[in-house]
Amino acid sequence: MKKKVTIKTISESAGVSPSIVSRIFSGKAKQYRIAQKTERKVLALAEKLGYRPNYFAKSLNSTQTFSIGLIFANTVDSFLGSIMEGVEARLRDTEYQMVVATCDNSPELERVELERMLYRQTDGIIIYPSALPLGEVYPTAHLAQQKAKPTPFVVIGREIPFESDFVLFSDYEAGELAARNFLDTGCRKFAAVTLPIECSSNRDRIKGFTETLEKAGIDKNNIVVSVANPDNSPKRSDLKKLEGTDAMFAINSSLLVEFAHTLAKAGVISSLKGYAPGMESFQHLLPLSGTFLPMPGREMGWQAADILLDKIISGNRDFMVKRLDWPEPVIIQAT
């Protein structure tokens, strides 16, 4: 019968103490200043001997489950998938693993999923919060209940009225960049397109855009703010107002695509420059020239997981807000 490989087996083979082996397997080699040569030797021996850590037994001894919860407001699309990839990349080579839940953009379902993860004693939680209809305030009661418990969490993507760690995009800057781009290329009539939801990222992007134009002396009559229908299409009442627009900023690329095609089909625009955060695989089919800011979703996931791991390991309860820089824009010319 093959002898079971344990931490003690590996420590004896490597000539180091069991505590050093345990710290290496916990991803804490740097924290405890363990030499890279020792770390590589231990990991190579573990692979050679076929060692697999017993996380269930370890969780009973340490009161940890070595799981990180990831709660998404919506179903997983390419953007949220990139966030998940970032979380996974940061957790790789640690003892921690993701547990993922989606919430159909429902605060009630979000509350339920949070409670389920707490019930399963998830060591930390990353949450991308729901966006509500215009005029509604995001409810934080479920988070306030959680705040009194030792489980740390990080909010990503959207600001909510609650004291927490946040990892966000530089949303106001996205609007600023769009406005300056249009001004530099000689545009004269501008449109800002958003969705009928309460969302800090959407609100700040539109604010950055309109305030930058107004500071540059653009008359408010030449800045149209259009709130789309729930299906991303422009409202019929806005078509006339959008006529003659030569520059359109949208809060995301899919909304820009929908508006551009609808307006072109209606004959409201003949030439238009677009600008939006996000990338779509079919952007080259747009009836306009567009500038797109790739969303650093993977970086958002990585940073959120990094903050969470620090909270879990160190017990640090100070809060921070981290805003991510935008990558270089991608320019697509109309065909």
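E243 is partly exposed, with a relative accessible area of 39% (buried is under 20%, exposed over 50%, partly exposed in between; 1.4 Å probe, protein chains only). The model is predicted: local features need pLDDT of at least 70, side-chain atom pairs count only at pLDDT 80 or more, and totals for chains, interfaces and linings use all residues. Residues are numbered from 1 along each chain as its sequence is written, and side-chain values use heavy atoms, without hydrogens and water.

E243 pairs with K240 in a salt bridge at 3.2 Å, N to O (a side-chain nitrogen of Lys or Arg within 4 Å of a carboxyl oxygen of Asp or Glu). K240 is exposed, at 64% relative accessibility. The whole structure holds 12 salt bridges. Among them is the pair R90 and D306, whose closest N and O atoms are 2.8 Å apart. R90 lies in helix α5 and D306 in helix α12 (residues 297-314), so this pair ties together parts 216 residues apart in sequence. Helices (H or I, at least four residues) and strands (E, at least two) are DSSP runs, numbered from the N terminus. R90 is partly exposed at 21%, and D306 is partly exposed at 26%.

E159 and R323 also form a salt bridge (3.0 Å, N to O). E159 sits in the loop between β5 and β6 and R323 in strand β13 (residues 321-324), so the pair links parts 164 residues apart in sequence. E159 is partly exposed at 35%; R323 is partly exposed at 38%. A network of salt bridges links E108, R111 and E115.

S164 is also placed in the loop between β5 (153-156) and β6 (165-169). S164 is buried, with a relative accessible area of 5%. Beyond its neighbours within four places in sequence, S164 contacts F153, V155, F319 and M320 (heavy atoms within 4.5 Å). P230 occupies the loop between β9 (223-227) and α10 (239-242). P230 is exposed, at 75%.
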